[in-house]
Amino acid sequence: MIQPFSNPPENSVTIHPTAIIAPGARLGENVQIGPYCVLGARVTLGDNVRLHSHVVIEGNTEIGEGTEIFPFASIGHVTQDLKYSGEDSLLIIGKNNKIREYATLQGGTQTGIMKTVVGDNCLLMASTHVAHDCLVGNNVILANNATLAGHVEVGDNVNIGGLSGIHQFVKIGSHAIIGGLSAVESDVIPFGLVKGDRAFLSGLNIIGLRRRGFTRERIDTLMWAYEEIFRGVGTRQERIDNLKKSHQDSPDINMLIAFVEKSTRGLCVPRG
């Protein structure tokens with residue numbers, strides 16, 4: 001249960017004497033706030049949130065239960081988007097996330113969806129950046145120095161390698177993996193493996209799918225669909241139509257088809 005900081009539940013919230021908590025901030029039960037942390041007046045921390053030292057959280061920001069934030073992370077400050085004009089947007093971070101040192105996350109804008117959202121069980125390693133109006137799913141990993149520009153959408157179970165940059169408005173489908181040092185300018189299909197500068201599609205995320213319990217049959221079906229979409233005979237739309245007819249009962253194929261058909265930036269495709 002969230003209660004105002006002005007009346008915290010006895011023996012359930014630990015706040016270091018050097019921390020600064022603005023009146024109006026709301027803290028859940030068993031919250032731990034370390035040395036030199038700063039919380040703004042509209043910040044909400046769920047139960048069992050832990051802030052190590054020197055964490056700064058501002059803006060209209062909600063941090064979900066069990067999330068742990070490490071030193072020098074900057075959460076909820078004014079977006080770097082030059083079009084931002086002070087609108088009261090949101091930053092929502094889900095449950096059981098780990099946000100490591102020097103990570104930066106910012107809220108939405110009126111030219112976007114007025115909020116930035118990070119799901120549950122994500123790992124944002126050191127010096128990662130989640131910009132304005134991003135939508136990040138569950139179980140996502142951003143390795144060190146990976147950055148999301150504004151309006152990026154990332155599906156569930158995505159792994160983004162270190163020092164990679166994702167261009168604004170790019171969509172990354174669920175279960176995809178982005179290799180380190182990649183510059184991604186186009187949409188990445190679900191289950192895809194992308195790498196390079198500029199990034200290109202290099203097959204499917206086979207290792208990741210195996211780790212998540214995908215059967216050999218599911219993986220073989222996805223491999224066949226991948227070959228059909230990107231290397232088959234006829235136009236891409238004809239190939240998509242053939243997939244719809246032949247695998248209309250496959251949730252994996254339906255997810256893949258829906259993503260391809262909704263892409264507006266164009267897709268990362270194989271070289272050659």
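Start by colouring by pLDDT, the predictor's confidence in each residue on a scale from 0 to 100. The protein has a mean pLDDT of 95, and 96% of its residues reach 70 or more. This is a predicted model, in which local features need pLDDT of at least 70 and side-chain atom pairs count only at pLDDT 80 or more, while totals for chains, interfaces and linings use all residues. Residues are numbered from 1 along each chain as its sequence is written, and side-chain values use heavy atoms, with hydrogens and water left out.

Now select residues 1-7, where pLDDT stays under 50. The model gives this stretch 19 contacts (heavy atoms within 4.5 Å) beyond four places in sequence. Where pLDDT is low, the predicted coordinates should not be read in detail.

**The sheets**

Next, show the strands. Helices (H or I, at least four residues) and strands (E, at least two) are DSSP runs, numbered from the N terminus. Two strands pair if DSSP finds at least two bridges between them.

Select the open sheet of 11 strands, which has mixed pairing and runs in the order E2-E5-E8-E11-E14-E17-E20-E23-E26-E28-E29. Its edges are strand E2 (14-15) and strand E29 (200-204); each has a single partner strand, so one side of each is left without a neighbour in the sheet. Inside this order, zoom to strand E20 (residues 141-142) and strand E23 (residues 159-160), which pair in the parallel sense over 2 bridges. Leu142 stands opposite Ile160 in E23.

Move to another open sheet, of 9 strands with parallel pairing, ordered E3-E6-E9-E12-E15-E18-E21-E24-E27. Strand E3 (20-21) and E27 form the edges, each pairing on one side only. Pick out E12 and E15: they run parallel and are joined by 3 bridges, with Ile75 opposite Leu105 in E15.

Now select strand E10 (residues 60-63). Which of its residues lie on the covered face? They are Thr61 and Ile63, while Asn60 and Glu62 make up the uncovered face. In a regular strand the side chains alternate between the two faces of the sheet. E10 pairs in the parallel sense with strand E7 (residues 43-45) over 3 bridges, where Leu45 stands opposite Ile63. E10 also pairs in the parallel sense with E13, over 4 bridges, and here Asn60 stands opposite Leu90.

**A loop tyrosine**

Select Tyr84, in the loop between E12 and strand E13 (90-93). Is Tyr84 buried, partly exposed or exposed? Buried means under 20% relative accessible area and exposed over 50%, with partly exposed in between (1.4 Å probe, protein chains only); at 22%, Tyr84 counts as partly exposed. Leaving aside neighbours within four places in sequence, Tyr84 is in contact with Val78, Thr79, Ser89, Gly108 and Thr109. For a distance check, its C-alpha atom is separated by 27 Å from that of Asn144, 60 residues apart along the chain.

**Aromatic rings**

Rings of Phe, Tyr and Trp (its six-membered ring) pair if their centres lie within 6.5 Å; planes under 30 degrees apart count as stacked, over 60 as edge-to-face and the rest as tilted. By this rule the count comes to 3 aromatic pairs. Select Phe72 and Tyr102: their ring centres are 5.3 Å apart and their planes at 10°, so this pair is stacked. Phe72 lies in the loop between strand E11 (68-69) and strand E12 (74-77), and Tyr102 in the loop between strand E14 (98-99) and strand E15 (104-106), so the pair ties together parts that are 30 residues apart in sequence. Phe72 is partly exposed, at 40% relative accessibility.

Then go to Phe191 and Phe214, whose ring centres are 6.0 Å apart with planes at 70°, so the pair is edge-to-face. Phe191 is in the loop between strand E27 (183-184) and strand E28 (192-195), and Phe214 is in the loop between helix H1 (206-211) and helix H2 (216-231), 23 residues apart. Both Phe191 and Phe214 are buried.

A charge sits over a ring if NZ of Lys or CZ of Arg is within 6 Å of the ring centre and within 35 degrees of the ring normal. Arg100 does this over the ring of Phe70, 3.7 Å from its centre.

**Cysteines**

Last, select the cysteine sulfurs. A search of the whole structure finds 0 disulfides (pairs of cysteine sulfur atoms within 2.5 Å). Cys268 is buried at 3% relative accessibility, and its sulfur is 16 Å from the closest cysteine sulfur, in Cys134, too far for a bond. Finish on Cys37, also buried, with a relative accessible area of 0%.
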